[in-house]
Every structure is written in structure tokens, then in C-alpha cells.
Amino acid sequence: MWYVSTRGIAPRVNFEGALFSGYAPDGGLFMPEELPQLDRETLCQWSTLSYPGLVKELCALFIGSELIPKDDLNDLIDRAFSRFRHREVVHLSRLRNGLNVLELWHGVTYAFKDLSLSCTTQFLQYFLEKREKHVTVVVGTSGDTGSAAIESVQGAKNVDIIVLLPKGHCTKIQELQMTTVLKENVHVFGVEGNSDELDEPIKTVFADVAFVKKHNLMSLNSINWSRVLVQMAHHFFAYFQCTPSLDTHPLPLVEVVVPTGAAGNFAAGYIAQKIGLPIRLVVAVNRNDIIHRTVQQGDFSLSEAVKSTLASAMDIQVPYNMERVFWLLSGCDSQVTRALMEQFERTQSVNLPKELHSKWERQDYEQMAVMECDGCCVELCPGNCGPRRGNVTGIPRTVRGRGGG
């Protein structure tokens, strides 16, 4: 399978090329040149698979056996999930009234990003050993990405990792997870500013193609396609767990509520939907609500400042994976996507063209902004549940009078 940049100028690459990239050389993000379409028979075959089994099928589909033979791929994924605390790796908890919660926190750092990063770094090591190469990974974090990325590569001989940690903008636990690792290949730097601000110099570095090649730089943020690929499995697993039978016509619809910051999990769900998974996406954000404003009003613009909330990993104003969403929404039109993103980079403000914004409504999207109040904490709740087969949620609601972290 080939991958192209959302901005249409960079040369196409295979999975290995996309894996070892940060941003594409033209500033875009890599996406599959063509999306496969899953038929009912394939969905029925996949419906009985475990979470690791689904990851294996999806990765085989988007990587190709010419790059990683199937047996090798299966071994890499088994190794990636070997340290997860739950025997299922991912578990669906059934609450009441059709509400379910997908537990994505059974990895070493308790962040859902343990799932995609553990696989991505296994793929990375596989190619590095074959090519006898060394890379330096550059990661900007709002909290959970940094600790999960460090955990996945610490001690590796052919990888150094540099993590930029925004001082005062991560939880204490996440900060300790990053700053107490003593392996020689781990380098953590506290920087001034928020996670959006530290993303800017990272993007500038990756725009210097000669510098990137000279120092073998890459990123493990969710700009990396492999992260998004593995996260697609979350949506498939949730769907099959919520759907007891695939014998109905049409297939049952499951509503999936996705809390998001940089929109990686949103993009993964949207791609899953595009290749044939019958899910309805509801995206939950905190007071940093650029995604909500984009869907509701077509207003893709920065607020005056990032607002600090209890969900600090979601305190993001520049959800860079929305570029992937725009590309898909526009019918894979790289010219439209490039114009939108270049204007946003110049002015920090874009109004989506009317014909593009109207596609949100035609495709029956829902979006929810979840406000967080002072003195409150996060509790799981049904949110926007409708009369559908099942609902999978991680949507936060503020509830006064509860302690928590």
C-alpha cells in the first residue's frame, strides 16, 4: 500500500516511509492513497476476533506482507501487548441503558496511547534491525504521549528519544513518569509554553528535509500514521463487542463517543467509518473547543489562549489530525486541504468553505463540547445517547462534590 501527503506535493511512500516520517516534506500528513472497503463477510469474520487479533488484521491490510510477513507481524503485535495488565488488553465494561465504556488504560503508563505506541515501536525496531539504522525520535507532549513514548523505547540501542515537556501543563504523575527514567537513550527537556506552542519548533525542524535526513529524525506523535492505524482497532473492537449479531440488514449502528485533543482517535474512527464500519462518531472536547466550533460553525480558529482543565492531555488548540479529516471530507482533495492548512498556519484562523462544512451535516455527524467547571472532576456519563444498538463512551461530565485526580 502506498501513502500520500494530505497536501499533495511530497512523493508517495510505503508504510516504512510513513512510519519513519514526522510530517511529510510538504508539511502535510501521510494517508493511504486508496482506502480498502470491508464487506459484510469480512466484518463477520472479524467480529469474533480479540483486540490483538483485530490489530493484526488491520495492520496486515495497511502494511502489506512484502514489508512485514504475516508471521513476523503477528509476533511483533503479541510482543507489543505482552506487558498489558488485562488479559484482553482492551476491555469493554457494560453499564446500563445500552451504555458501555471501553477501557483503554491497561498499559504500563495507564494512558490509551500505550496501545498504539507499543505496536508502532515494535514496527520501528523491526525495520531498524533489518536496515542496521539508528533514529532519534522527537516528541512534543501534553502529558500522556511523552510517558507512553518513553516507556515504549527506553533502553533501545538503536533509538534515542527527545521529549519536550511543557512545564506546569502536565499532571504530576505524568511528569514523574517522564523525568524519572534513567536510561541513556531518554532525554527529557522542560520547556516554556503549552503543548501547541512546542509543536511549532518541531514542525519547523521536520520541514528541513536535509536536517531530518542527516540526523535520522522521526516523530511518535499522532502525526505518525502508524499511531492512527492501530487506534482504528479501538473502534472495531468496541463495535463488535456492542453488536451481538451481524445478521440484520442494514448492519446495526453503534454510537462511539471519543474524547479527543489532537484528534488522532477521531481521525482513526473516521477512517474506520470510511472503510465500512457502521459507527456514529460523537467527539467530546473540553473548554479548548476548536473541533466543536469547526463542526458546528465551520470556525477552525484559535482562541486567545489554551484553557487549563483537569483533562490536561486534552488542553490542545491545534488538533493537527484534523488535516486528515479535512482531506477525507474534501474527497481526498489535496489542493483544498493544502489551501486550508496553509491559511491556518499563516493566520491561525480559517472558515471552512460552505460546500466542505455542509458535508458534516450530510454525513450525519454529531459533536459535543463538554465544559469543565472549577472545583469539579470528571465522571463517565451517557452524554448524548440515542435509540441505537449500543453506545461506547469515554465522555467526561463535570460533577460537583467528587474528589479525584
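Trainee: Which backbone oxygen does the side chain of Asn 224 reach?
Mentor: The side chain of Asn 224 reaches the backbone oxygen of Ser 219, at 2.9 Å. Before we go on, this is a predicted model: local features need pLDDT of at least 70, side-chain atom pairs count only at pLDDT 80 or more, and totals for chains, interfaces and linings use all residues. Residues are numbered from 1 along each chain as its sequence is written, and side-chain values use heavy atoms, with hydrogens and water left out.

Trainee: OK, and where is Asn 224 found?
Mentor: Asn 224 is in the loop between strand 8 (217-219) and helix 10 (225-242). Helices (H or I, at least four residues) and strands (E, at least two) are DSSP runs, numbered from the N terminus.

Trainee: Is Asn 224 buried or exposed?
Mentor: Buried, at 0% relative accessibility. Buried means under 20% relative accessible area, exposed means over 50%, and partly exposed is in between (1.4 Å probe, protein chains only).

Trainee: What does Asn 224 touch?
Mentor: Leaving out residues up to four places away in sequence, Asn 224 touches Ala 18, Leu 19, Ser 21, Met 218, Ser 219 and Arg 324. Contact here means heavy atoms within 4.5 Å.

Trainee: Switching topic, how many salt bridges does the structure hold?
Mentor: Twelve. A salt bridge is a side-chain nitrogen of Lys or Arg within 4 Å of a carboxyl oxygen of Asp or Glu. One of them joins the side chains of Arg 131 and Glu 16, at 2.7 Å from N to O.

Trainee: Why does that pair tie together parts that are 115 residues apart in sequence?
Mentor: Because Arg 131 lies in helix 5 (residues 113-131) while Glu 16 lies in helix 1 (residues 15-19). Arg 131 is partly exposed at 37% relative accessibility, and Glu 16 is buried, with a relative accessible area of 14%.

Trainee: Which residue does Lys 113 meet in a salt bridge?
Mentor: Asp 144, at 2.9 Å from N to O. That pair links distant parts of the chain, with Asp 144 in helix 6 (residues 144-153) and Lys 113 in helix 5, 31 residues apart. Asp 144 is buried at 9% relative accessibility, and Lys 113 is buried with a relative accessible area of 12%.

Trainee: And what about Glu 345, which side chain does it meet?
Mentor: Glu 345 meets Lys 203 in a salt bridge of 2.5 Å, N to O. Glu 345 sits in helix 14 (residues 334-347) and Lys 203 in helix 8 (residues 195-207), so this pair ties together parts 142 residues apart in sequence. There's a network too: Arg 7, Lys 203, Glu 323 and Glu 345 are linked by salt bridges.

Trainee: Which residues are buried in helix 14?
Mentor: Thr 337, Leu 340, Met 341 and Phe 344. They cover an arc of only 90 degrees around the axis, which puts them on the same side of helix 14. That arc is taken from the directions from the helix axis to the C-beta atoms. In general, an α-helix has 3.6 residues a turn, so residues three or four places apart point the same way.

Trainee: What's on the face turned away from the buried side?
Mentor: That face of helix 14 carries the exposed residues Gln 335 and Arg 346.

Trainee: Last one: why is helix 12 largely enclosed by the rest of the structure?
Mentor: Because six of the eight residues of helix 12 (residues 290-297) are buried. Those are Ile 290, Ile 291, His 292, Arg 293, Thr 294 and Val 295. Helix 12 is followed by Gly 298, whose phi is positive, near 75 degrees.

Methods. Polar contact = N/O pair within 3.5 Å; in protein donor to acceptor, adjacent residues only side chain to side chain.
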